[in-house]
Amino acid sequence: MEKKINDILSEIRPEFDFYNETDFIEQGMLDSFDIVSLVSTLDKEFDISIDGLDILPENFSSIKSIIALIKKNGAK
Amino acid sequence: MDLIFRNKKITGLLTILPKNEIKFEDEIDNYNFTKAQSLKLKKIMGYGSHRIVESGVTISDLCIYGLNYLFNQELLKKDTIDAIVLVTQSPDYILPPTSNVIQGKLGLKKEMICLDINQGCAGYEVGLFQSFMLLDQPNINKVILLNADVLSQRVSKRDRSNNPLIGDAASITIVEKSEIENTIFANIKMNGSGYDTVIIPAGGFKTPSSSTTAEMIEDPEGNFRSLDHLFTNGDKIFNFVLREVPPMIESLLEKANITKNDVDYFMFHQPNKFTLNKLADKLQISREKIPSTILEFFGNSNGVSVPTSISFNLGERLTKESLLICLAGFGVGLTCASLLLKMEYLTFTEIIYF
């Protein structure tokens, strides 16, 4: 799951190394449109629909927080 | 706040769209995206083409064109109009009210009410509420509800949050008393503490337009806009919509003692496809029941997006059928409003081009 998410993030913003960063939002690695792209891809790849109310910057700050988010929304 | 209206109906609906069509691809170079990012966003957000008026065209031009079309087609008679309710955020003048301008230019009777309302994304619902209330007067039998905006003129071409989606349009809805008893359930909620979530900061009396307010400034996401331009805090408005709209719809249906399955269509304001899909999922309503095509074909025209969606997606069906429709608007204010009504056997539902 970790690798898959890293691959998705790298496709959206290939210029960053997501594995070695701890706060994507603080570091300016993801903006609001990137998050929209990310949610759309995660929904499709994991066959889920991330709750709109969970689309908050803090849930996209690291690979760990993204894993927690998609698990909360039903990803296996 | 829950509202109830009795014995009112919509009898006709006309949407007026500019002929001038701009495709998303034509403006890609304005934004600081790679082409691949732009095309991906196009798909997710539902960007396509948007309809923009030519320079100098105002809302009164669109409304007068539409009303003259109805007079010429004998779908509406001038002397039957008892009130004009105009909902807009882009009036011809700060004063007088643009509804008076329209009344004067069309030579309508003087024994009537003209009323401008400053509302945006929930403007169709708010306009209907006001029209229903006017119809409680014994001397008012027919209200012409006009929704119109040409806000593209206040959107920066280099603002990727607003420019790809903004659309200009007008609609004319004929609202009358119903001989058949009916009940229209509705609700509305306002949160003025979020007034700056969707705002044009300059140009009013608080901050008059000047050379300073016209200066283009780059925001952290690389958009260029001035204080004279429309600003939307996308994250905040998205969160507001997902937090407020689902419970509002659930409450409306409960008050009306209706299930989601009983509703034929949920005609919602059209901010973008992503938001509408998330709303559908949250409400557990099939995405087909919440049409999200207006942004792709015409752009988001604020309060006109709901009547445009009705005209485009249901069109002539409404002249032959009876459909139970839930309308909802949400956005600037912050405001969210919804209502549940039967739309049936309308005299006309058309789209014309200016």
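Two residues are in contact if their C-beta atoms, placed from the backbone, lie within 7 Å. In this predicted model, the buried residues of H5(B) pack against strand E9 (183-190), strand E10 (198-199), strand E13 (231-232), H6, strand E15 (322-331) and strand E16 (335-344) of chain B. Helix H5 (234-256) of chain B also supplies residues to the side that touches chain A.

**Helix H5(B)**
- The buried residues of H5(B) are B:Ile237, B:Phe238, B:Phe240, B:Val241, B:Leu242, B:Val245, B:Ile249, B:Leu252 and B:Ala256.
- With 23 residues at 1.5 Å a residue, H5(B) should span 33 Å, and the 32 Å between its end C-alpha atoms agrees with this.

**Packing of H5(B) with H6(B)**
- The axes of H5(B) and H6(B) are 10 Å apart and the helices pack at an angle of about 40 degrees.
- Their crossing is right-handed.
- H5(B) contributes B:Phe238, B:Val241, B:Leu242, B:Val245, B:Pro246 and B:Ile249 to the contact, while H6(B) contributes B:Thr275, B:Lys278, B:Leu279, B:Lys282 and B:Leu283.
- The residues of this contact comprise eight nonpolar, one polar and two charged.

**Interface with chain A**
- Eleven residues of chain A are in contact with 13 residues of chain B.
- On the chain B side, helix H1 (35-45), helix H5 (234-256) and helix H6 (273-283) each supply at least two residues.
- H5(B) provides the largest share of that side, five residues.
- By class, the side of chain B that touches chain A has seven charged, five nonpolar and one polar residue.

How values were computed:
Residues are numbered from 1 along each chain as its sequence is written. Chains are lettered from A and ligands numbered from 1 in the order in which they are written. This is a predicted model: local features need pLDDT of at least 70, side-chain atom pairs count only at pLDDT 80 or more; totals for chains, interfaces and linings use all residues. Helices (H or I, at least four residues) and strands (E, at least two) are DSSP runs, numbered from the N terminus. Ala, Val, Leu, Ile, Met, Phe, Trp, Tyr, Cys and Pro count as nonpolar, Asp, Glu, Lys and Arg as charged, and the others, Gly among them, as polar. Axes are lines fitted to C-alpha atoms, for helices over the stretch in contact, and angles run from 0 to 180 degrees between N-to-C directions. A crossing is left-handed if the near helix is turned anticlockwise from the far one by less than a right angle, and right-handed if clockwise. The expected span of a helix is 1.5 Å times one less than its number of residues. A residue is buried if 20 or more other C-beta atoms lie within 10 Å of its own, exposed if 12 or fewer, and partly exposed in between; C-beta atoms are placed from the backbone.
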